Amino acid sequence: MSKINSIRAIQALDSRGVPTVATKISLENGISSSAMVPSGASTGSKEALELRDGGTEYSGKSVENAVSNVNTVIAQALKGFDINNQSDIDHKMIEIDATSDKSNLGANAILSVSLASAHLAANYQEMNLHDYFNKSFNEITGLNIDQSLPMPMLNILNGGEHADNNVDIQEFMIIPKGSSSIKQALQWSSEIYWKLKQILKDKGLSTSVGDEGGFAPNLKSNEEAIQFILTAIEACNLKPGEDISLALDCAASEFYKDGKYNLRGENRILDNIEFTNYLSELIQKYPIISIEDGMDEMDYSGWNNLTKQIGKDCQLVGDDLFVTNKKILKEGISKGLANSILIKFNQIGTLTETYQTIKVADENNYKSIISHRSGETEDTTLSDLAVGLGSGQIKTGAPCRSDRVAKYNRLLWIENSCPDIKIG
Ligand code: PGA
Ligand code: ZN
């Protein structure tokens, strides 16, 4: 009864109107579940390959080949597999793909099946998805992690590749760390978000939003973005540093050119020592507790220096640096790079490998932050993943745009339904 009967994929659209893979799996007993995959814009160069068709349709971004791989090769290979065995399903796809970056079948094809399998296993076992993730994670990794609700990191001002403004730092986030529930965290965050809109409007600045729902005005400097956010927090009668802390995602690989950090919005070109000092000054001046991709993904000496200089005072998150890859994470840890990892399941392509990467992080006291991509869908799998794996933190955009809010709303439902699962 728990055997896979059929797997069917279609080409759907993501939040940028770009094609993505949606997959539905059915069991012999007739029940079925589906999932969709996200897509990045400021991608790390070592991510698993997202298979796109090229040519002219959708400017080369269609995913009909990935869809076809699900409907033919993967569907045939997995027919009859037990849905309760996530690891077997994922390993079979890794085996038939037979490349190190999933470039044969496409990480988008493989991940859509991996995620839909988890949904269907939970469905079959009549479990909440987060409970199923907790069970399968502990089984596969041998760890014994308790579930918890993650503290949200909300990206309320967008720059870099996610917006058409002149701001170089990609993400300015608020962390409502003084809140004791998702409900309160989201109320505070939305109120700050609205206040920020008013402040920008009063200054005659744009209040149109970027890919992750944050505002995307043209500003004089990165610091000006931080100051507007602090003004918005205080205008809500909340205390910066106590109720609300700040986080940045520099996505520094996007402005690293010829060995230098090129802050075009501020007309400054800095080497890695100078850029470390720049970030160090920011954390001394403002309540910033987390910086992601503060250095280019290949600038290991810069990363090492940054970690030595501010790693004790600040969470330093490797996104493009580690690309959710266990091997790359291990190498980075041995080189003394960062102290935390961003987890994006489409960077690696299966749930089982995502679990294994989190296990390596856990064993080395690196924090794991579960994250969306800038191209998202209505799929909310990552909210359940963050709860089930007790990761403690989730990053999924502004309290704006349904593709972002869907994830927060899922957390609200989990909090409301499971009073024994607490934040933090
Ligand atoms: P991406 O951005 O999905 O465009 O890679 C998100 C991030 O850098 O964290
Ligand atoms: Zn990032």
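Author: Begin with what counts as a metal donor: an N, O or S atom within 2.8 Å of the metal. Water is not among the atoms, so a site may look incomplete. Keep in mind that this is a predicted model.

Reader: Which residues coordinate the zinc ion (ligand 2)?

Author: D249 (OD), E292 (OE) and D319 (OD) coordinate the zinc ion, at 2.0 to 2.2 Å. Along the chain, these donors follow the spacing D-x42-E-x26-D. D249 sits in strand β6 (residues 245–249), and E292 in strand β10 (residues 288–292), so this pair ties together parts that are 43 residues apart in sequence.

Reader: Are D249 and E292 buried or exposed?

Author: A residue is buried under 20% relative accessible area. Both D249 and E292 are buried.

Reader: On to ligand 1. Which residues come nearest?

Author: There are 15 residues around ligand 1, and A41, H162, R373, S374 and K395 come nearest. By type, the shell divides into 2 nonpolar, 5 polar and 8 charged residues.

Reader: What polar side-chain atoms lie by the oxygen atoms of ligand 1?

Author: A polar contact needs N or O atoms within 3.5 Å. K395 has a polar side-chain atom 2.7 Å from an oxygen atom of ligand 1. For H162, a side-chain N or O atom is 2.8 Å from a ligand 1 oxygen. E292, a donor to the zinc ion, also has a polar side-chain atom 3.0 Å from an oxygen atom of ligand 1. As for cover, ligand 1 taken alone exposes 280 Å², and the protein buries 100% of that.

Reader: Now the backbone. Which residue other than glycine has a positive phi near 55 degrees?

Author: E126 is one, with phi near 55 degrees. E126 is in the loop between α3 (107–124) and α4 (129–141). T324 is not a glycine either, and its phi is positive, about 55 degrees. T324 lies in the loop between β11 (315–318) and α9 (326–334).

Reader: Is E126 buried or exposed?

Author: Exposed means over 50% relative accessible area. E126 counts as exposed because its relative accessibility is 74%.

Reader: And T324, buried or exposed?

Author: T324 is buried, because its relative accessible area is 0%.

Terms used. Residues numbered from 1 in each chain as written. Chains lettered and ligands numbered in written order. Predicted model: local features only at pLDDT ≥ 70, side-chain atom pairs only at ≥ 80, totals over all residues. Heavy atoms only, no water. Near = heavy atom within 4 Å. Polar contact = N/O pair within 3.5 Å; in protein donor to acceptor, adjacent residues only side chain to side chain. Areas by Shrake-Rupley, 256 points an atom, 1.4 Å probe, with all protein chains shown as cover. Nonpolar A, V, L, I, M, F, W, Y, C, P; charged D, E, K, R; others polar. Donors = N, O, S within 2.8 Å, 3.2 Å for Na, K, Ca; no water. Helix = DSSP H or I, 4+ residues; strand = E, 2+ residues; numbered from the N terminus. Buried < 20%, exposed > 50% of the residue type's maximum accessible area, 1.4 Å probe, protein only.
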